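This report describes how two chains meet in a model. The sequence and structure come first, and the interface follows.

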Amino acid sequence: MSEPAATHVRFQGVCKSYDGTTQIVQNLDLAVLEGEFLTLLGPSGSGKTTCLMLLAGFEQPGGGHIEISGRAVDDLPPRERNIGIVFQNYALFPNMTVGGNLAFPLEVRGLASDEAAERVRRALQLVRLEGFEDRRPAELSGGQQQRVAIARALVFEPRLVLMDEPLGALDRRLREEMQYEIRRIQRELAVTVVYVTHDQTEAMAMSDRVAVFNRGRIEQIAPPEALYEEPEREFVAGFIGENNLLRGRVSAITGDLCTVDFRGLAVQAFAVAGRSVGEEVILAIRPERVALTPKPGEYTNEFDAKVEDLVFLGDHLRVRLNLGGYESFVAKIPNIVGHGAVLKGDSVRIGWTPTDCRALPADDADAGMAA
Amino acid sequence: MTERVASDGASPPRRARAARWRAAGLTLPLLAFVGITFIAPLGAMLTRSVYDPTVADALPRTMALLAEWDGEGLPEDGAFAAAAQELVSARAARSVGQLASRVNRIEGGTRSVITRSARRLATRDAPARDTAGWRAALIEADPAWAEPFIWRAIRRAGERVTPQHYLQALDLDRDVGGAVVARPEEQRIYLKLFARTLAVSLGVTLLCLALGYPLAYLIAQAPAHRARWLLLLVLVPFWTSLLVRTTSWIVLLQSQGVLNEALVQLGVIADNKRLAMIYNMTGSFVAMTHVLLPFMVLPLYSVMRGVPPSHMRAATSLGATFPQAFRRVYWPQTLPGVGAGSLLVFILAVGYYITPALVGGRTGQLISNFIAYHMQQSLNWGLAAALGGILLVGVGALYFVYDRLVGIERMRLG
């Protein structure tokens with residue numbers, strides 16, 4: 001992306017509630033760029049699928065507006081939005097052949113049958129199912145059905161494609177293969193894809209950007225690396241990968257860093273929040289960034305801990321530590337030649353750099369997630 | 001553990017077989033029930049439609065002698081003697097009435113000839129007669145015995161296995177030579193009745209489909225709590241007596257009924273031109289459709305519930321209008337339900353009895369009403385059985401055709 005891409009889809013203050021009291025989607029703002037692969041990631045019930053249905057036009061927003069290519073679509077019925085949709089269970093029509101399924105959107109658009117046949121052939125070629133025109137969906141494997149569903153969502157050449165957990169029904173190996181395939185097709189056609197999943201690995205592997213949903217809100221929207229390395233919210237830190245989440249109080253501030261008091265330990269952290277002394281913050285430290293028995297003085301943050309438990313996992317050692325009375329502090333120690341043997345009950349020294357330790361705002365609504 | 005099993009005596013496969021037999025034994029009451037209440041009566045009915053030993057049992061010697069008769073002129077004297085003697089014994093055994101009715105069905109007017117002759121022969125204290133004497137006595141008892149037609153009637157009635165009932169049920173008969181011919185115009189009733197029954201059943205089926213499909217669709221689309229209530233409303237008629245439901249239509253549709261009164265009051269029709277909506281074909285039609293509607297709605301609903309809502313959504317997202325999506329995606333997927341409901345309603349309608357009997361009047365009677373008539377009034381069970389047999393074959397054929405066209409395994413009843 002050398003020049004900034006245009007906005008393809010825009011949500012402005014969109015709200016949705018089915019019963020009038022529970023807000024499924026709350027005051028949502030979201031911009032999807034032209035040609036972008038954006039994933040809506042979140043636990044079930046977080047409102048991500050509802051967002052997709054609102055965009056598709058199957059649901060009407062209770063408030064706010066949705067724009068597609070700069071045009072408000074609030075009054076546009078689904079069939080006029082020209083959006084390709086891949087449904088969770090594919091929704092292939094069992095009474096038609098694969099060719100019939102693919103030709104359906106072309107026929108209802110009044111396309112001549114020979115041109116339709118050519119487009120169907122090309123779409124099948126795109127998903128590598130050449131010659132499958134006369135098969136019935138029931139005769140296909142799950143992965144093949146998936147490919148047909150994708151081909152059908154693309155055959156009428158929409159610029160925007162929505163996918164609702166399309167890989168949920170596949171086994172792991174096939175899922176990885178399809179992740180790659182979907183990404184390849186998206187790049188080849190340069191279509192905008194809005195993809196819904198609850199699987200963070202999938203989101204990480206495929207997306208240009210990921211929007212993390214929680215309770216009808218977007219917690220953070222960022223490229224996968226940034227989401228992992230620079231979480232800005234406690235929920236994101238806990239949801240993406242693994243993090244030690246420690247609740248503490250800011251005792252001093254120095255530039256971008258702050259000192260947080262955690263059970264009497266003074267921890268240096270990167271201040272995402274924690275801009276005032278006395279503020280409650282959540283410290284997020286990745287287990288793989290914790291070093292065991294560092295050289296003295298190597299890290300600003302160095303503390304004594306006791307090994308509560310350890311599990312050998314081949315490429316790494318998973319150590320549960322007691323840090324200042326907090327017994328669930330986890331460190332992942334890579335299995336590389338020369339690291340000292342640790343035993344259960346050992347007293348060890350651990351350390352990490354302040355930039356690997358982020359002080360996030362303590363969201364009381366998410367208190368359950370806090371350590 | 002495995003050792004214990006092996007040392008238990010019986011080998012595992014044998015024990016498994018014994019267990020299977022025990023399990024199969026549990027279905028014995030069911031098999032007995034089906035056998036006694038379903039297969040046996042059906043078999044008896046089909047047997048009765050072609051097998052009638054009444055005359056053959058009562059007049060064995062006569063039948064043996066008539067077998068050699070060429071059917072032209074009169075039989076030999078021995079047949080007269082045998083017939084006269086066997087009529088006397090039949091009268092003593094009180095079977096002469098049945099015998100006479102049976103012969104009378106072949107040839108009208110022979111009932112009185114036979115019963116009268118039997119009475120006269122038995123009451124007249126006859127001296128020992130020779131063969132010629134018996135012949136004279138029989139003709140004296142009734143001059144009809146001197147005509148060949150009565151002998152032909154007896155001979156035909158004496159066939160143990162006879163196509164007679166089926167021929168009659170199809171408005172056919174056999175002429176003197178035994179060739180199958182159509183009955184005279186004024187005697188043909190059953191073919192017309194079959195045609196009427198099929199037409200009414202087809203009409204009722206289509207009407208049920210036209211009314212039931214939107215209803216089933218509505219229920220299938222409704223949210224769960226409302227679908228429960230709607231389904232309950234469909235089922236309520238099942239818990240009401242059929243008689244009550246049928247007679248309520250009388251209340252509504254009769255000439256002094258609610259509908260006619262309302263129309264007269266509103267000035268839509270004149271008082272002396274009230275609509276005849278009951279005790280005729282219209283009555284049968286309306287009441288049967290009402291009674292059979294649930295049998296259409298339930299299979300349809302069950303199939304519609306199985307069509308994922310995402311299919312219609314997918315179709316609209318692909319650019320289809322609702323009619324396009326419905327015709328191309330939804331309707332084809334509900335065909336198994338349409339087939340099941342239609343087959344069910346049609347089969348039930350073809351054999352429907354009580355509703356046409358109550359509200360059909362003269363013109364709304366169907367084949368079942370005539371089966372009942374022959375069972376209860378005319379006591380011609382053979383003909384009733386033949387009519388029933390033809391109905392059974394017709395329904396079987398329909399089932400076969402359905403299986404060929406749609407596949408019976410695709411049918412879902414609920």
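## The interface of chain B and chain A

In this predicted model, chain B and chain A bury about 1700 Å² between them, with carbon and sulfur atoms giving 64% of that area. Buried area is the accessible area (1.4 Å probe) that two parts lose on being put together, summed over both. Arg313(B), Leu318(B) and Arg328(B) supply 42% of what chain B buries against chain A, more than any other three residues.

| Item | Value |
|---|---|
| Residues of chain B in contact with chain A (heavy atoms within 4.5 Å) | 16 residues |
| Residues of chain A in contact with chain B | 21 residues |
| Salt bridges across the interface | two salt bridges |

A salt bridge is a side-chain nitrogen of Lys or Arg within 4 Å of a carboxyl oxygen of Asp or Glu. Arg328(B) forms one with Glu107(A), and their closest N and O atoms are 2.9 Å apart.

On the side of chain B that touches chain A, helix H17 (309–317) and helix H18 (322–350) each supply at least two residues; H17(B) gives the most, with seven residues. Helices are DSSP runs (H or I, at least four residues), numbered from the N terminus.

Residues are numbered from 1 along each chain as its sequence is written, and chains are lettered from A in the order in which they are written. Local features need pLDDT of at least 70, side-chain atom pairs count only at pLDDT 80 or more, totals for chains, interfaces and linings use all residues, and side-chain values use heavy atoms, with hydrogens and water left out.
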